[in-house]
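Here are my notes for you, point by point. Have the model open while you read.

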Amino acid sequence: MGQQGCGVGRGLLQAGLSVAETAVVAAGIDALWRGRSLSPREIWPQDPVVAEEVFASLAAAGRAEVDDAGRVFGVHGFTLSHTRHTIFHGDVKVHTWCAFDSIGIPAAFGLDATAATDCPTCGRGLTVAISGGVPEQSVPAGELAQWLPEAAATGDLMGKFCANADIYCSRAHLEQRIDTATAAGSVLTVADAARVGREVWADVAGLAEVP
Ligand SMILES: [Zn+2]
Ligand SMILES: [Zn+2]
């Protein structure tokens, strides 16, 4: 299965979002970059009703995280919960739902950043330096293997896609966990993951403000 068969792209996060709804999501991302968990109406006071609807429907589809008090703490791969995946950008540290997010977000936003995750097979910590949105190609980054599950534009994004979109220290370690002959998905280099990420986050990257 090559990258061409990869079902991930611009549609992964859109889930039928209109342009106006995408702007609401981008405002939510602004808050998460700053470590702030806000209610939808605080995120988008211009139209609180639309904001409530957007985050409620995304949360129902495993595409946003909202706490019991109604505050948004995750959307579009960004999360304030503690995960195995982190983006370091200047003084800012933000967690992501999956390893793919930790590469794809800095790639789409054109950031100088470091993505940190770990190999699910051996537990080794992995970091990728990213410069202007482009991952470094040095060893070991060149040996890392990104598993990108096949994904639909609808359905439980966190549970069905992010839960398995890991980066492994090597292709061998990826194949110890994933039967690439039968599992639906693709094995990508980190550079390819960045390329796909630029597509996936394209709509919000132009709207959200990175601190
Ligand atoms: Zn490993
Ligand atoms: Zn993800």
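1. Start with the zinc ion (ligand 2): along the chain, its donors follow the spacing C-x2-D-x60-C. Donors here are N, O and S atoms within 2.8 Å of the metal (3.2 Å for Na, K and Ca), and since water is not among the atoms, sites may look incomplete. Helices (H or I, at least four residues) and strands (E, at least two) are DSSP runs, numbered from the N terminus.

2. A word on the source: this is a predicted model, where local features need pLDDT of at least 70 and side-chain atom pairs count only at pLDDT 80 or more, while totals for chains, interfaces and linings use all residues. Residues are numbered from 1 along each chain as its sequence is written, chains are lettered from A and ligands numbered from 1 in the order written, and side-chain values use heavy atoms, without hydrogens and water.

3. Which protein atoms hold the donor positions of the zinc ion (ligand 2)? They are C98 (SG), D101 (OD), D101 (OD) and C162 (SG), 2.1 to 2.5 Å from the ion.

4. C98 is buried, at 0% relative accessible area, and C162 is buried too, at 5%. (Buried means under 20% relative accessible area, exposed over 50%, partly exposed in between, with a 1.4 Å probe and protein chains only.)

5. Now the sheet: eight strands make an open, antiparallel one, ordered 1-2-3-5-4-6-7-8. Two strands pair if DSSP finds at least two bridges between them. Strand 1 (64–66) and strand 8 (134–135) are at the edges with a single partner strand each, so one side of each has no neighbour in the sheet.
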